[in-house]
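Student: I would like to learn how to read aromatic pairs and packed helices. Can we work through an example?

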Amino acid sequence: MSNIFNTYFVSIGQHLASKIPPPVHHTYPVKVNGPKNSFVLHDTFVEVVNMVINNLLASKSNRQNDIPTHILKLCKNSLSPFLVQIFNLCIREGTYPQSLKCTQVVPINKGGPKDLCINYRPISLLSPINKIFETLIYSRLYTYLEQNSMLSSHQYGFRMGLSGTLAIYDMQKNILQNLEKGFITCTIFCDLSKAFDTIDHDLLLWKLNNFLE
């Protein structure tokens with residue numbers, strides 16, 4: 001059963017991506033006026049790591065044989081100095097421990113017949129240490145993108161002060177304004193299948209290189 005799920009989860013993304021027409025990179029706009037400052041991953045400190053540990057949810061599941069989150073919270077003052085050394089070394093060397101790159105995947109049924117892999121969603125369990133480092137990198141990248149106005153004004157998800165509710169409000173406002181002007185308005189909603197798994201990594205790296213150079 002594990003092999004069947006593994007074969008399905010590792011192949012479904014590539015299978016769906018193969019049906020997507022390849023992007024033409026030169027059609028994407030290239031920055032003319034880039035940010036004034038280059039993107040730099042600066043070192044972290046014990047106080048920052050402790051704050052991230054405090055914000056970890058002890059209720060979240062971890063991989064087997066990982067340090068439980070509640071234990072990490074109890075021992076943070078003893079462990080943080082060592083974590084800081086490891087994280088800063090990862091940043092300076094541009095490397096990351098291979099063991100922390102691995103996740104434990106748990107298939108969760110979304111509904112429908114339980115004997116079909118297509119009806120299962122893969123949930124990845126991460127090491128709490130990996131979550132800490134991920135938060136540190138995310139905060140630096142997000143701050144850089146926001147300060148340099150690199151995110152679309154129409155991106156409402158995963159941004160501070162914005163939400164799906166605001167997206168609905170803006171859409172409603174645009175519809176009402178168009179109706180007042182006598183325009184015909186229609187809306188198209190797209191639900192992308194396996195959107196995360198079908199991301200073009202070459203295109204993603206191209207965009208990151210374009211934004212962070």
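Student: Are Tyr-96 and Phe-133 buried or exposed?

Tutor: In this predicted model, Tyr-96 and Phe-133 are both buried.

Student: How do I describe a pair of aromatic rings?

Tutor: Give the distance of the centres and the angle of the planes. The structure holds 6 aromatic pairs. In one of them, the rings of Phe-5 and Phe-9 have centres 5.8 Å apart and planes at 20 degrees, so this pair is stacked. Phe-5 and Phe-9 sit in helix 1 (residues 2–17), 4 residues apart, which is about one turn of the helix. Both Phe-5 and Phe-9 are buried. The rings of Tyr-96 and Phe-133 have centres 4.9 Å apart and planes at 20 degrees, so they are stacked as well. This pair links distant parts of the chain, 37 residues apart: Tyr-96 is in the loop between helix 4 and helix 5 (98–101), and Phe-133 is in helix 6.

Student: Which residues form one aromatic cluster?

Tutor: Phe-5 and Phe-9 belong to the cluster, together with Tyr-8 and Tyr-120.

Student: How are two packed helices described?

Tutor: By the angle between their axes and the distance between the axes. Helix 4 (residues 76–93) packs on helix 6 (residues 128–147) at about 55 degrees, with the axes 11 Å apart. Because of that angle, helix 4 is oblique to helix 6. The crossing of helix 4 and helix 6 is right-handed.

Student: Which residues of helix 4 and helix 6 meet?

Tutor: From helix 4 come Leu-83, Phe-87, Cys-90 and Ile-91; from helix 6, Ile-129, Ile-132, Phe-133, Leu-136 and Ile-137. By class, this contact has 9 nonpolar residues, no polar and no charged ones.

How values were computed
Residues are numbered from 1 along each chain as its sequence is written. This is a predicted model: local features need pLDDT of at least 70, side-chain atom pairs count only at pLDDT 80 or more; totals for chains, interfaces and linings use all residues. Side-chain values use heavy atoms; hydrogens and water are left out. Axes are lines fitted to C-alpha atoms, for helices over the stretch in contact, and angles run from 0 to 180 degrees between N-to-C directions. Helices (H or I, at least four residues) and strands (E, at least two) are DSSP runs, numbered from the N terminus. Angles under 35 degrees count as roughly parallel, over 145 as roughly antiparallel, 65 to 115 as roughly perpendicular and the rest as oblique. A crossing is left-handed if the near helix is turned anticlockwise from the far one by less than a right angle, and right-handed if clockwise. Contact means heavy atoms within 4.5 Å. Ala, Val, Leu, Ile, Met, Phe, Trp, Tyr, Cys and Pro count as nonpolar, Asp, Glu, Lys and Arg as charged, and the others, Gly among them, as polar. Rings of Phe, Tyr and Trp (its six-membered ring) pair if their centres lie within 6.5 Å; planes under 30 degrees apart count as stacked, over 60 as edge-to-face and the rest as tilted. Buried means under 20% relative accessible area, exposed over 50%, partly exposed in between (1.4 Å probe, protein chains only).
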